[in-house]
Amino acid sequence: MPPTFAQLGVPESICRALASRGIETPFEIQAATIADALAGRDVSGRAPTGSGKTLAFGIPMVATLDPAHPKRPTGLILAPTRELADQIASELKSFAGDVRIGAVYGGVGYGPQLKQLRRGVDIVVACPGRLEDLIQRRDIDLSDVTYVVIDEADQMADMGFLPVVRRILDLTPDDRQTVMFSATLDGEVAKLAREYQHQPITHEVGDATPDITKAEHRFRRVDKTERLEVTANTVNEAGQAIVFCRTRHGADRVARQLGKHGINAAPIHGGHAQNRRTRSLDNFTKGKVQALVATDVAARGIHVDDVAAVIHFDPPADHKTYIHRSGRTARAGRNGVVVSLVQPDQIDDTRRLQSQLGFDLELSATNEIGPGSQSPTQRSKPANTRRRTNRGTKSNNGSNTGSARGSQSGSGQKTGGGQSKNSRPKRAKGSGQSANASAGSRRRQGGRRGPGNRSAS
Ligand code: ADP
Ligand code: MG
């Protein structure tokens, strides 16, 4: 039996607000992290998309934060994209009572954001670039911040935001609580954690990589000249697809050429300004764009619930990239097809890739493209998608049950609404946090906490 929110120490008013949205039982990552975060610990959390990370970091922040003075928020949430910032703000508002939440990001006017800051917000959900602007303009001051969340830290790293994230963190008090969530916790993210967290507790949930076994994987032998036509046909059959290219230049070119084949395609890569990327993504989500033509780096920022097809126009650099790219389709129990275009001189590499993935596939000829053409059989889940088990290439089916996916109720329904203005959750010290009251109040009463103060509770 998973614990209830109340058993994790979540104040009753928040439990009630969540319950009114049908949120009664914590998801795995929430059950793992909420008590620690409520207790004032720095937390590093890794969990896949859709596993409920927003509430995992949002509930403890709303529950423990002190009210803020105008332009001096006490809580700060950093997020890589504007959509995500909006999404986080509205999810938090649904249970925040009169804890005031505001979002700041670029690509829109300053007016409304300034007005909101002057009136005062307790929690600012911010994209790093605009936040830094506002700091330089002295429209916001971070010296009262006691609680910072870095959401999608790996994506921030991929998008080149870490230098500005560091500058921002350097402007917050040293004894703040720092909570970080990410799809991966290695590399740059691990470094950030080392620099800015104090004795963090790490919680990891689910597979480190997407489960790609649900998709149908096709490998098509094509000549260089046939690739566009095959891609266009595949996009048309599928309805919508993400097409992966190796370079930015290639992505631009393929998008243009798909246009000539009657496909409404948009390139998306790191050479575009954030607002252009956002627009392309929006148009794709709304169905106005049929094909997103992406580089691998930009793809990290693509969170579309489910895509009908993934096309490897250029081969992935390695099997990990294959898994990440392919994981964009066949999500949440839906169907999906993954098509790899293989030119004659890429066949050897492709066979190597297939064997690394544990696939047992044949290359088929171009003219076999079509719906329902013989679908390859896959022996089992690729060995390399399994976390921290490096025993050979043959994976044992069904052994990998750690996924948080199974525990979700479905996809992204948001009911907004929530609390009335008057039902402010008690922000009194330590109240309502049965399991962690002592640690929680220690955090807030103890004034500035150095690393040494952060004993495990
Ligand atoms: P992530 O940030 O991990 O990608 P989100 O925080 O966006 O995931 O959550 C995905 C969806 O699941 C959201 O619509 C959210 O409202 C819903 N959700 C989160 N936690 C729960 C829960 N405990 N019970 C039911 N629904 C939940
Ligand atoms: Mg999220």
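Q: Which residues of α6 meet α8, and which do they meet there?
A: In this predicted model, P128, G129, L131 and E132 are the α6 side. On α8 they meet V164, V165, R167 and I168.

Q: How do the axes of α6 and α8 sit, in angle and distance?
A: They come within 9 Å and cross at roughly 40 degrees. That makes α6 oblique to α8.

Q: Left-handed or right-handed crossing?
A: Left-handed, for α6 passing α8.

Q: What about α3 and α4, at what angle do they pack?
A: At about 55 degrees, with axes 10 Å apart. α3 covers residues 53-64. α3 and α4 are therefore oblique to each other.

Q: And the hand of that crossing, right or left?
A: The α3 and α4 crossing is right-handed.

Q: Which residues meet between α3 and α4?
A: From α3, T54, G58 and V62. From α4, I88, E91 and L92.

Q: Which strands does α4 lie across?
A: Helix α4, residues 82-93, lies across β2, β3 and β4. It runs at about 175 degrees to β3.

Q: OK, switching to the sheet. What is the strand order?
A: β3-β4-β2-β5-β6-β1-β7. It is an open sheet of seven strands, with parallel pairing.

Q: Which strands are at the edges?
A: β3 (101-104) and β7 (201-204). Each of these pairs on one side only.

Q: By how much are neighbouring strands turned against each other?
A: By 15 degrees on average, with direction ignored.

Q: How many bridges does β3 share with β4?
A: Four, in the parallel sense.

Q: Now β6. How many of its residues are buried?
A: Six of the six, across residues 177-182, so β6 is largely enclosed by the rest of the structure.

Q: Which residues are on each face of β6?
A: Q177, V179 and F181 are on one side. T178, M180 and S182 are on the other. Both faces are covered.

Q: How many bridges join β1 to β6?
A: Four, and the two strands run parallel. S44 stands opposite M180 in β6.

Q: How many bridges does β5 make to β6?
A: Also four, and that pair runs parallel too. V149 has V179 as its bridge partner in β6.

Q: Next, the core. Which residues touch the most other members of the largest nonpolar core?
A: I14, V62, L78, A85, I123, V125 and A126. That core has 75 residues.

Q: Take A126. What is it in contact with, leaving aside neighbours within four places in sequence?
A: L76, L78, A85, V104, Y105 and L131. L131 also belongs to the α6 side of the α6 and α8 packing.

Q: Which residues does the second core include?
A: F219, I242, A255 and V293 are among them. This separate core has 44 residues.

Q: I242 and R328: how far apart are they in sequence and in space?
A: They are 86 residues apart in sequence. In space they are 8.1 Å apart, C-alpha to C-alpha.

Q: Where is R328, and is it buried or exposed?
A: R328 is in the loop between α14 (319-326) and β13 (337-342). It has 26 C-beta neighbours inside 10 Å, so it counts as buried.

Q: Where is R138, and is it buried or exposed?
A: In the loop between α6 and β5. With 8 C-beta neighbours inside 10 Å, R138 counts as exposed.

Q: And Q199, what phi does it have?
A: About 40 degrees, positive, and Q199 is not a glycine either. Q199 is in the loop between α9 (187-196) and β7. It counts as exposed because it has 12 C-beta neighbours inside 10 Å.

Q: Last one, the totals. How many helices and strands are there?
A: 16 helices and 14 strands. Of the 457 residues, 48% count as buried.

Q: What share of the contacts with a separation of 6 or more comes from residues 24 or more positions apart?
A: 76%.

How values were computed:
Residues numbered from 1 in each chain as written. Chains lettered and ligands numbered in written order. Predicted model: local features only at pLDDT ≥ 70, side-chain atom pairs only at ≥ 80, totals over all residues. Core = buried A, V, L, I, M, F, W, Y, C linked by C-beta atoms within 7 Å. Buried ≥ 20, exposed ≤ 12 C-beta atoms within 10 Å, placed from the backbone. Contact = placed C-beta atoms within 7 Å. Pairing = 2+ DSSP bridges. Axes fitted to C-alpha atoms, helices over the stretch in contact; angles between N-to-C directions. Parallel < 35°, antiparallel > 145°, perpendicular 65-115°, else oblique. Left-handed = near helix turned anticlockwise from the far one by under 90°.
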